[in-house]
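Subject: Structure handover

Hello,

The structure is pasted below for you to open alongside this message. My notes on it follow.

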Amino acid sequence: MALYRSISLLSVSSDPQPSCFTGYGRVSSFILRFPPNIARQLSTKARGNCNFSVAQTVVAKWSNSTRSGLTSVPAVTSVDEEVLVAAESVKEMVSIKSEDVTHMKPSFLKSDGSLTVHAGERLDRGIVTDAITTPVVNSSAFEKRVVRHEYGRYGNPTTLVLEKKISALEGAESTLVMASGMCASTVMLLALVPRNGLLSQLQIVIGRQGFSWRLFFLSWESLYKNHLKYPFITVTVIDPVDTTGLEAAVNNHEVSMFFTESPTNPFLRCVDIELVSEICHKRGTLVCIDGTLATPLNQKALALGADLVVHSATKYIGGHNDVLGGCVCGSMELVSAIRNLHHVLGGTLNPNAAYLLIRGIKTMHLRLKQQNSTALRMAQVLEAHPKALYFPPKKPFFLYIYIFLVSRVYYPGLISHPEHHIAKRQMNGFGGVVSFEIAGDLETTIKFVDSLNIPYIAPSFGGCESIVDQPAIMSYWDLPQEERLKYGIKDNLVRFSFGIEDFDDVKADVLQALGTI
């Protein structure tokens with residue numbers, strides 16, 4: 001005998017009778033018996049694509065039929081028939097593979113602002129709940145009736161929502177989230193760079209989270225040659241915007257991948273993504289852009305021709321300095337290859353972290369508006385601001401001297417930036433980070449940083465709170481001055497990540513700190 005799952009649908013007594021059942025006589029409690037495979041038919045994907053359950057459909061049809069003049073409760077067999085008919089429509093929805101809809105988004109969500117709030121959730125969450133917010137599914141394993149998941153290392157309903165939301169913002173077919181940005185970069189490179197390939201990498205002068213890209217690539221080459229015994233993997237470092245050097249590299253070698261940040265960190269150099277994609281694709285070289293500083297809202301690297309985009313979700317995507325995470329976005333083919341290796345290596349994002357990232361994304365467009373605006377206005381202030389106007393004694397009035405406290409400002413939104421024309425063409429906003437050099441030595445710069453009241457001194461960026469750091473004594477603290485200068489890191493360099501504080505408060509704080517030196 002077949003076993004049936006049962007659900008108590010409703011119980012209505014004849015006295016008093018609700019108005020909607022008046023005239024129908026006594027309606028007794030009854031049970032809807034679902035077929036044994038209903039758990040699969042009502043999969044998370046099916047529920048995620050409709051606003052109502054099969055049970056609600058059956059009740060509505062039953063209610064309509066009774067309103068038409070029926071005076072008795074439909075037989076159980078007819079109810080079963082209704083269930084089976086409704087289940088068939090659900091079955092058609094389930095036939096869509098979950099991977100095939102990762103990049104799908106409702107047609108009524110046109111802008112990035114709306115996508116940050118609803119993408120991956122509105123109509124397509126895939127988690128059975130009436131809650132507005134996506135719940136945290138804390139489970140290490142799943143009963144094997146769900147299409148998508150089996151074991152927590154292979155995926156989680158909460159992290160799947162995050163992946164869909166990021167895919168919608170990046171315009172990607174698929175997204176894979178991992179435990180950190182470094183994890184996403186490393187697994188991506190391991191999965192896609194073959195043994196006999198040449199990894200061509202643009203020079204990144206400072207790392208995210210205090211971890212230098214110089215150290216990263218030295219470690220990467222060491223990993224291949226010493227640990228994985230891949231002696232033919234070579235790391236080639238070129239200038240971030242040297243397209244001539246890039247063209248020479250891909251023409252003279254079997255280059256598997258071209259991997260760079262844009263904008264770069266901390267000098268915010270901007271790579272012409274369309275141009276480098278054209279150069280690389282002629283030779284079959286993949287292009288991967290680290291868009292952490294740009295964010296998915298300020299720059300659409302995939303639309304510009306890149307094959308993959310990676311993010312340290314710890315920064316602007318999370319936006320609250322309270323969670324670690326990373327992601328890689330791109331075509332289904334490439335991301336699936338990375339996902340397969342990720343399932344083996346681990347580095348899984350915790351569902352609680354995924355929840356925090358989902359929550360962070362919902363306000364990202366609002367945060368970025370403030371951060372873009374504050375950073376641009378502060379860059380303009382810093383580029384033009386003198387400490388004082390001196391009138392030498394016993395000299396004519398027209399002999400005056402400006403003393404500038406900021407010797408150079410790096411920000412793609414400034415006309416003086418060497419790639420301003422590129423940034424203006426391929427970015428919707430110039431970001432919330434400004435780097436600048438104080439007119440002074442190491443100690444003078446330390447005094448300026450210590451005199452600031454609003455920003456925290458820490459090796460990160462992109463959060464609601466402003467953060468400032470001095471690379472010479474943070475990310476590059478272990479190198480002597482002459483070594484730091486090879487990477488452009490001067491003792492007086494400051495990287496300022498502007499948060500969402502009021503612009504006037506931030507401006508006043510920066511100016512008073514400049515006044516102390």
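Glu419 is buried, at a relative accessible area of 6% (buried means under 20% relative accessible area, exposed over 50%, partly exposed in between, with a 1.4 Å probe and protein chains only). The residue sits in the loop between strand S12 (406–410) and helix H15 (420–426); helices (H or I, at least four residues) and strands (E, at least two) are DSSP runs, numbered from the N terminus. Apart from neighbours within four places in sequence, Glu419 is in contact with Val241, Arg269 and Cys270, where contact means heavy atoms within 4.5 Å.

On provenance: this is a predicted model, in which local features need pLDDT of at least 70 and side-chain atom pairs count only at pLDDT 80 or more, while totals for chains, interfaces and linings use all residues. Residues are numbered from 1 along each chain as its sequence is written, and side-chain values use heavy atoms, with hydrogens and water left out.

S12 is also an edge strand, together with strand S14 (456–457), each pairing on one side only. The open sheet they belong to has five strands in the order S12-S13-S16-S15-S14, with mixed pairing; two strands pair if DSSP finds at least two bridges between them. Within this sheet, strand S15 (residues 467–469) and strand S16 (residues 493–497) run antiparallel and are joined by three bridges. Asp469 stands opposite Arg495 in S16.

Gln470 is in the loop between S15 and helix H17 (481–486). Gln470 counts as buried too, at 3% relative accessibility. Its contacts, leaving aside neighbours within four places in sequence, are Leu442, Thr445, Ile446, Val449, Asp491 and Leu493.

Elsewhere, strand S6 (residues 255–261) is largely enclosed by the rest of the structure, because seven of its seven residues are buried. S6 pairs with strand S7 (residues 286–290) in the parallel sense over five bridges. From S6 the chain crosses through helix H10 (residues 273–281) to S7, a right-handed β-α-β crossover (with the strands pointing away from the viewer, the path from the first strand over the helix to the second runs clockwise). Thr260 stands opposite Ile289 in S7.

Lastly, a helix pair. The axes of helix H6 (residues 157–170) and helix H13 (residues 351–362) come within 8 Å and cross at roughly 35 degrees; axes are lines fitted to C-alpha atoms, for helices over the stretch in contact, and angles run from 0 to 180 degrees between N-to-C directions.

Regards
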